[in-house]
Amino acid sequence: DLRVLLFGGGRCACQVMDIYRDDPERKAVAILDDNRSLWGKTVYGVPIVGGQDRLESLYCEKLFDKALCSISSSIPARTQFRKRCEELGIPMANAIDRTAKISADVKLGTGNVLCAFCHIGTSTVIGDNNFFSAYNSFDHHSGLGSDISTGPGCIASGIVKIGDRVRMGTGVFIEPYLEIGDGVQIASGAVIVRSVPAEHAVKIKVSRVVLRPIAQYGQEFSGQV
């Protein structure tokens, strides 16, 4: 088995661990986290053995083969960990859920997490150290950079280019032929119909939502306000 060390002992570590449960070739053997309050605890039986400062020594002691960042909420943390692994010559592992559909000619880098029911279309090229949540789809002939993190249900049409360090919320839709620049942040529910330049944020205006007890309208309440 390929022994994988994870960085990040939070909820995303549970997601990665769940993927590895169905992977006969890879298993997580230890977790690093800079939050001291987590040291000595376990995630699905895998121990959190200290902070990131132990990365080099554990690798030199040959206690793991590859590393993987199990943090999705912080692009800077993901980027910093990947660069640290590069400096130390530590290879990175992928974690790909068994339900993911990856076309045969896709070029996929290392350090990527593909959660349940992800789809990668034909002739798509993906970089390194990305975290794709469940039900993501990037269609044919697209190009994605590195250090990207997404929420569930992000859908891109074909021939889309997404740069490095892009952060997407939940339920983002991208029209074909568009380019999302480096460092872009996209709010949940956004529908992207034109290219977004680097280091810009996409926000949406949420319609006013009214919450009222159903009993106030009786059993025939139709949802209309």
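Is Ile 90 buried or exposed, and what is the relative accessible area of Ile 90? Ile 90 is buried, with a relative accessible area of 5%. Buried means under 20% relative accessible area, exposed means over 50%, and partly exposed lies in between (1.4 Å probe, protein chains only). Ile 90 sits in the loop between helix 3 and strand 6 (95-96). Helices (H or I, at least four residues) and strands (E, at least two) are DSSP runs, numbered from the N terminus. From Ile 90 to Phe 132 the C-alpha separation is 22 Å, for residues 42 apart along the chain.

This is a predicted model, in which local features need pLDDT of at least 70, side-chain atom pairs count only at pLDDT 80 or more, and totals for chains, interfaces and linings use all residues. Residues are numbered from 1 along each chain as its sequence is written, and side-chain values use heavy atoms, with hydrogens and water left out.

## Salt bridges

Side chains of opposite charge can pair when their charged atoms come close. A salt bridge here is a side-chain nitrogen of Lys or Arg within 4 Å of a carboxyl oxygen of Asp or Glu. The structure has 9 of them.

| Salt bridge | N to O distance |
|---|---|
| Asp 18 and Arg 21 | 3.6 Å |
| Arg 84 and Glu 56 | 3.8 Å |
| Glu 199 and Arg 165 | 3.4 Å |

Take Asp 18 and Arg 21. Both belong to helix 1 (residues 11-21), and they are 3 residues apart, about one turn of the helix. Asp 18 is partly exposed at 35% relative accessible area. Arg 21 is exposed at 55%. Arg 21 also lies over the face of Tyr 44, at 4.2 Å from the ring centre. For that contact, NZ of Lys or CZ of Arg must be within 6 Å of the ring centre and within 35 degrees of the ring normal.

Next come Arg 84 and Glu 56. Their side chains meet in a salt bridge. Arg 84 is in helix 3 (residues 75-88) and Glu 56 in helix 2 (residues 55-60), so this pair ties together parts 28 residues apart in sequence. Arg 84 has a relative accessible area of 30% and is partly exposed. Glu 56 is partly exposed too, at 39%.

The side chains of Glu 199 and Arg 165 form another salt bridge. Glu 199 lies in the loop between strand 22 (191-192) and strand 23 (201-202), and Arg 165 in the loop between strand 17 (161-162) and strand 18 (167-168), so the pair ties together parts 34 residues apart in sequence. Glu 199 is exposed, at 53% relative accessible area. Arg 165 is partly exposed, at 30%. Elsewhere, salt bridges with shared partners join Glu 56, Arg 84 and Glu 87 into one network.

## Aromatic pairs

A pair of aromatic rings is described by the distance of the centres and the angle of the planes. Rings of Phe, Tyr and Trp (its six-membered ring) pair if their centres lie within 6.5 Å; planes under 30 degrees apart count as stacked, over 60 as edge-to-face, and the rest as tilted. A search of the whole structure finds 4 aromatic pairs. One of them is Tyr 59 with Phe 64, a tilted pair at 5.4 Å centre to centre and 50° between the planes. Tyr 59 is partly exposed at 25% relative accessibility. Phe 64 is buried at 3%.

How are the rings of Phe 117 and Tyr 135 placed? Their centres are 5.1 Å apart and their planes at 20°, so the pair is stacked. Phe 117 is in the loop between strand 9 (113-114) and strand 10 (119-120), and Tyr 135 in the loop between strand 12 (131-132) and strand 13 (137-138), so the pair ties together parts 18 residues apart in sequence. Phe 117 is partly exposed at 44% relative accessibility. Tyr 135 is exposed at 51%.

## Sheet

Two strands pair if DSSP finds at least two bridges between them. An open sheet of 6 strands runs in the order 7-10-13-16-19-22, with parallel pairing. Its edge strands are strand 7 (101-102) and strand 22, each pairing on one side only. Within the sheet, strand 13 and strand 16 (residues 155-156) pair in the parallel sense over 2 bridges. Phe 138 has Ala 156 in strand 16 as its bridge partner.
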